[in-house]
Amino acid sequence: GQNVLVQGLGPMFHSGFTGKTVVHDYRDTLSYDKAKGAAFIHGMQEEGIRLIGRGLWYLSAAHTPADIETALSAAQKVLQTMSKEYAI
């Protein structure tokens with residue numbers, strides 16, 4: 001229920017809250033809802049998942065499928081909590 005865009009190549013990708021379907025350049029990044037992004041990052045950190053403050057995620061060979069599932073479950077929980085605060 002949130003307008004989150006996830007994009008990137010390989011083991012590093014970005015998540016941000018925008019109505020755009022793709023972000024091409026710096027001007028496009030100005031459409032990100034910074035308050036939602038900060039709330040999401042804070043919520044993820046509260047769940048034990050560290051994201052870079054700009055919304056960057058890093059995956060490596062050290063991450064197991066269980067680690068990825070833990071991160072996805074945390075994201076789902078945080079997004080559900082945010083849906084109560086940031087109804088779209």
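Biologist: By class, how many nonpolar, polar and charged residues does the lining of the largest pocket have?

Modeller: A pocket, on a 1 Å grid over the protein atoms alone, is an open set of points where a 1.4 Å probe fits, with protein on both sides within 12 Å along at least five of seven lines, and its lining residues have an atom within 4 Å of a point. Ala, Val, Leu, Ile, Met, Phe, Trp, Tyr, Cys and Pro count as nonpolar, Asp, Glu, Lys and Arg as charged, and the others, Gly among them, as polar. Here the lining of the largest pocket has 16 nonpolar, two polar and two charged residues. This is a predicted model, in which local features need pLDDT of at least 70 and side-chain atom pairs count only at pLDDT 80 or more, while totals for chains, interfaces and linings use all residues. Residues are numbered from 1 along each chain as its sequence is written, and side-chain values use heavy atoms, with hydrogens and water left out.

Biologist: Which element gives the largest share of the lining of the largest pocket?

Modeller: Helices (H or I, at least four residues) and strands (E, at least two) are DSSP runs, numbered from the N terminus. The largest share, six residues, comes from H3, and among the residues nearest the centre of this pocket are Phe13, Trp57 and Ala71.

Biologist: Which residue forms a salt bridge with Lys77?

Modeller: A salt bridge is a side-chain nitrogen of Lys or Arg within 4 Å of a carboxyl oxygen of Asp or Glu. The structure holds two salt bridges, and in one of them Lys77 pairs with Glu47, the closest N and O atoms being 3.2 Å apart. That pair links distant parts of the chain, with Lys77 in helix H3 and Glu47 in the loop between H2 and S3, 30 residues apart. Lys20 forms a salt bridge with Asp28, where the closest N and O atoms are 3.8 Å apart.

Biologist: Is Thr18 buried or exposed?

Modeller: Buried means under 20% relative accessible area, exposed over 50%, and partly exposed in between (1.4 Å probe, protein chains only). Thr18 is buried because its relative accessible area is 4%, and Thr18 lies in the loop between strand S2 (12-17) and helix H1 (26-29).

Biologist: With which side chain does the side chain of Thr18 make a polar contact?

Modeller: A polar contact is a pair of N or O atoms within 3.5 Å; within protein, one must be able to donate a hydrogen and the other to accept it, and residues adjacent in sequence count only if both atoms are side-chain atoms. The side chain of Thr18 makes such a contact with the side chain of Ser31 at 2.7 Å.
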